[in-house]
Amino acid sequence: MTGPVFVACDMGTTLIKAAVIDLDGQIVAGASVESTLDTPRPGVVEQDLLAIERQAHTAIRRAVTASQRASDIAGVSFSSQMAGIGAVGADFDPVAPFDSWLDSRCGTDIYDMAPHAARITGISGGPPTYSHGPKERWLKRNRPEVYDRTAAFQVPGPFVAARLAGLGVADAYIDTSNLCFSNLADARNAAWSPELIALFGLDADRLPRIVDPLDIIGSVTPAAAAATGIPVGVPIAAGGGDQIVACLGAGLVTPGQASDSAGTASLFTMCIDRWAPDVERMSMVTSRSIVPGGFLSFSYINGGGMGPEWVRQRIVGDPAPADEAFATLERMASEVSVGSGGLLWLPHFQGGVLPAKPYLRSGWVGTTAGHTRAHLYRSVLEGIAFQYAAWADRAPSIIGRRLTEVRAMGGGSKSDLWISIKADVLGVPFVKMPKAECALLGNALIAATATGHITDIAERAAAWHTLPEPVLPDAGRSHRYAELREIFDLLSDQVDPVFRRLQAFSESEDPALP
């Protein structure tokens, strides 16, 4: 085999994946390494940036070795989780654990910035939530000695890429696709916003330089080559945020397309044709796309993908392997009528994030003695679909028409029942992506474009997939779901005071009482 290949590495929350991919979008070899979360107490979720780096190096080395194509590697690109933030010192080593997007300690800072939320959203693309601005503000307030030692704030992808190139901390960077979670940048114009930085009470000199995902930020050093198996001198692209890169890898390049990434977070993304921050509702984030001149609008249910797993483990308790247990649940739930017998499930397992409402909870409403495990499971799938529909409804006001298709990727795309439910609820065709590793494909596209091997990234992204026939919405089921959707929206609008009081009650719990 001849021709250039590209190293792609996607650093997710709990799994780091690497692959060697050719110019036809074929994965020559791949590898993965588990990444661990440190949860020392409720609300605290941290990771070690140096451990993430070691795990990325290990995954890359295994993929490169398995490919037997090291000499053909022509470029490298990284993607990583977006909303968490890490802090590094003058030596480019971390001065504190990485503050995960799942960490909720900055709740007070989110509330403090609420009066400015519309302005922050309009400039940065996203409202203050469990994102960089509130997290950096929390660090400055609660650990000023760490904040003072911080030379640059970093997300994992740029951290690993810059160190692979041997850059000094003065050249630390963030790419434009990650700016939407900064709350500190004029994301549309790819510049830090003095106004927003001042609102948060932070310091501009601790923010890294801003680059385009398609920029070359350096090349592999001898030390990095020894750690990864990538030859010395191979160019390194800036890369981007995992979900934005995955959308590129899924071929989400035309306004009107959308994607459903059903993993730990259930994330729904629309490809749009303009900068359109959700200033009114602050329920969605607007980001620059990897494709030059393009934009994306997305929102997510924090921990939404945990719902089906929770039912399998805690409610059903099936001792069979996960795949077999889910197959049984799928079969049972497919025999349940649309609407799960009038049972609604609120999907906010990990609190609300857009807008930030940490007090929101999950739960079933409408349970009766006649409901079974199959009803409970199907209602979970339907509840997430109802939340997706609320976001999809915004498409006509942004791009002047309804969505044309939704591309399903991630673990949830394995469920034919769930895809069918989502198609019926949204009234939009769903396409199951035949290639599951969309973030890795997106990174390969970035590396190939940054090194000049691809000239039209959008055209090549679309060409890398031969899509199956879409799952079309059924008119009868869609009509029934529309009725239930109205009830779901009514319930969602009215639960705030109940969940606020439940949160206050749980926080006032007396451990001395039995």
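**Close-up views of a predicted model**

**View 1. Helix α6 and its buried residues.** In α6, the buried residues (under 20% relative accessible area, with exposed over 50% and partly exposed in between; 1.4 Å probe, protein chains only) are Pro156, Gly157, Pro158, Phe159, Val160, Ala161, Ala162 and Leu164. Helix α6 covers residues 156-164, and because 8 of its 9 residues are buried, the helix is largely enclosed by the rest of the structure. Gly166 follows α6 and has a positive phi, near 70°. Helices (H or I, at least four residues) and strands (E, at least two) are DSSP runs, numbered from the N terminus. The model is predicted: local features need pLDDT of at least 70 and side-chain atom pairs count only at pLDDT 80 or more, while totals for chains, interfaces and linings use all residues. Residues are numbered from 1 along each chain as its sequence is written, and side-chain values use heavy atoms, with hydrogens and water left out.

**View 2. The largest nonpolar core.** A nonpolar core is a set of buried Ala, Val, Leu, Ile, Met, Phe, Trp, Tyr and Cys residues joined through side-chain atoms within 4.5 Å. The largest has 67 residues, of which Ile21, Phe181, Leu248, Ile290 and Tyr300 touch the most other members. Helix α15 (residues 438-450) gives the most to this core, with 8 residues. Apart from this core lies another, of 54 residues, including Leu179, Val316, Leu360 and Leu403.

View 3. Ala19 stands opposite Gly30 in β3. The two strands form a hairpin with 4 residues between them, and Gly25 in the turn has a positive phi of about 80°.

View 4. A search of the whole structure finds 0 disulfides, that is, pairs of cysteine sulfur atoms within 2.5 Å. For Cys180, the nearest cysteine sulfur is that of Cys247, 11 Å away. Cys180 is buried, with a relative accessible area of 1%. The sulfur of Cys271 is 8.3 Å from the closest cysteine sulfur, in Cys247, which is too far for a bond. Cys271 is also buried, at a relative accessible area of 5%.

How values were computed. Pairing = 2+ DSSP bridges.
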